[in-house]
Amino acid sequence: MTWRIPLADIDVGEEEISAVTGVLKSRWLTMGAVTQEFEEAFKEYSGAKYALAVTNATTALHMACVAVGLKPGDEVILPSLTFVATANAICYTGATPIFAEISSESNLNISPKAIESKITPKTRAIMVMHYGGYACDMPEIMRIADVHGLTVIEDAAHASGSFLDSKMLGTWGRVGCYSFFSNKNMTTGEGGMAVTNDEEVFKKLSLIRSHGMTSLTWDRHRGHAWSYDVVDLGYNYRIDEMRAAVGLVQLHKLDSFNEKRRKITKRYIDLLHESCPEIIIPFEHHPGISACHLFVILLPEGCDRFDFMERMKAAGIQTSIHYPLIHRFSYYQNDPFVACQNLPFTEKIAEREVTLPLYPGLTENDVTYIVQSIAEALHH
Ligand SMILES: *Cc1c(COP(=O)(O)O)cnc(C)c1O
């Protein structure tokens with residue numbers, strides 16, 4: 001189906017094309033100088049001490065879980081209202097995901113109080129996810145983590161260019177993980193980045209990104225090494241030079257992309273207030289500067305979401321749901337540790353959530369048309 005207005009759209013042009021062409025002509029395609037340049041640029045942008053480019057955010061999250069030492073029997077507290085990769089990364093290590101409630105109708109992020117209520121002697125870490133690029137309460141979550149000796153990992157897949165107290169989201173905890181998947185705020189097709197300020201964690205991440213080997217093909221190519229040892233159980237989570245080249249260009253455009261997303265978000269809010277006051281707009285008065293990755297609304301209680309989305313579809317507007325709750329998926333329900341976990345508040349809010357189109361190229365007229373269509377769908 002071709003949508004009059006799709007949910008998301010990328011913004012790539014001649015600069016990205018020539019960056020990729022340049023890499024192909026250089027004849028060095030695997031992780032090398034361009035990747036290093038991309039990592040340096042991201043490090044500077046984020047303010048983190050170390051940055052490692054990887055295949056995607058899921059692998060970044062997996063590496064983060066391994067690097068902080070998660071193992072079977074450990075418990076990790078996380079929200080259920082997130083993409084399944086947040087929980088999968090924990091499960092890859094054999095640790096147990098413990099789902100905690102979100103804060104409120106106006107804040108769909110994990111609730112610090114709910115985190116505290118889930119802490120047991122087995123708790124090792126907290127995995128937060130900055131929903132839509134809106135900041136979790138990091139000062140409070142870091143305080144809780146300090147008091148209980150827990151590690152904080154940030155799923156910052158939505159948060160490239162999101163800040164709280166002038167500090168980029170993803171740089172508050174021990175490791176932060178960003179996604180450059182096609183529908184994210186900046187893209188490399190598939191791609192991701194892990195950042196940390198902790199030298200030990202950085203060394204571990206570097207090792208396990210590339211088979212646990214002590215030298216890289218790139219080092220050997222440059223004559224820096226002849227052979228290698230394998231000192232850890234590693235993976236192949238390396239990005240390639242074509243993606244890194246696209247990432248460099250996209251990173252330079254990120255602020256202007258995000259500024260457009262913020263303007264569009266503001267227009268949505270103003271128009272919705274006028275025509276659809278019964279709609280709840282989460283994160284409307286949220287602290288920090290959001291990358292505005294998603295624009296989400298909560299339908300009035302009792303409104304039929306399926307019918308609403310069908311009406312939007314008939315108007316040519318693609319909508320989505322962020323997210324089907326992880327603890328309700330069949331795979332997770334099969335796990336007795338998960339099956340007994342209930343999240344009545346998250347479940348009640350999540351069933352009213354609808355995601356509207358948001359991307360830098362969305363025009364003012366598009367937003368007007370979308371809000372008109374929402375009003376018609378609600379008041380038909
Ligand atoms: C997109 C996304 C991921 C996974 O990112 P990939 O780069 O596709 O692996 C993880 N968590 C959240 C919240 C996401 O939105």
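This is a predicted model: local features need pLDDT of at least 70, side-chain atom pairs count only at pLDDT 80 or more; totals for chains, interfaces and linings use all residues.
Residues are numbered from 1 along each chain as its sequence is written, and side-chain values use heavy atoms, with hydrogens and water left out.

**Figure 1. The largest cavity.** The structure holds 1 cavity of 30 Å³ or more. Of the 13 residues lining the largest cavity, those closest to its centre are D9, I10, D11, K184 and N185. On a 1 Å grid over the protein atoms alone, a cavity is a set of points where a 1.4 Å probe fits but cannot get out, and lining residues have an atom within 4 Å of a point. Grid points are joined across faces, edges and corners, and a volume is the space filled by probe spheres set on the points. By class, this lining has 4 nonpolar, 5 polar and 4 charged residues. Ala, Val, Leu, Ile, Met, Phe, Trp, Tyr, Cys and Pro count as nonpolar, Asp, Glu, Lys and Arg as charged, and the others, Gly among them, as polar.

**Figure 2. The largest pocket.** A pocket is an open set of grid points with protein on both sides within 12 Å along at least five of seven lines. The largest pocket has a volume of about 450 Å³. Its lining has 29 residues, and F83, F181, N183, K184 and Y323 are the closest to its centre. The elements giving two or more residues to this lining are α3, α4 and β13 (353-356); the largest share, 3 residues, comes from α3. Helices (H or I, at least four residues) and strands (E, at least two) are DSSP runs, numbered from the N terminus. By class, the lining of the largest pocket has 15 nonpolar, 10 polar and 4 charged residues.

**Figure 3. The ligand and its shell.** The ligand sits in the largest pocket, as more than half of its atoms lie within 2 Å of the grid points. The elements that give two or more residues to the shell are α3 (57-67) and α4 (84-92). The ligand is surrounded by 16 residues, of which T58, D155, H158, S179 and K184 are the closest; a residue is near if one of its heavy atoms lies within 4 Å. By class, the shell has 7 nonpolar, 7 polar and 2 charged residues.

**Figure 4. Polar atoms beside the ligand.** An N or O atom in the side chain of T58 is 2.5 Å from an oxygen atom of the ligand. For D155, a polar side-chain atom lies 2.7 Å from a nitrogen atom of the ligand.

**Figure 5. A cis peptide bond.** H322 and Y323 are joined by a cis peptide bond, with omega about 10°. Y323 is found in the loop between α10 (305-314) and α11 (330-333).

Note on methods
A polar contact is a pair of N or O atoms within 3.5 Å; within protein, one must be able to donate a hydrogen and the other to accept it, and residues adjacent in sequence count only if both atoms are side-chain atoms.
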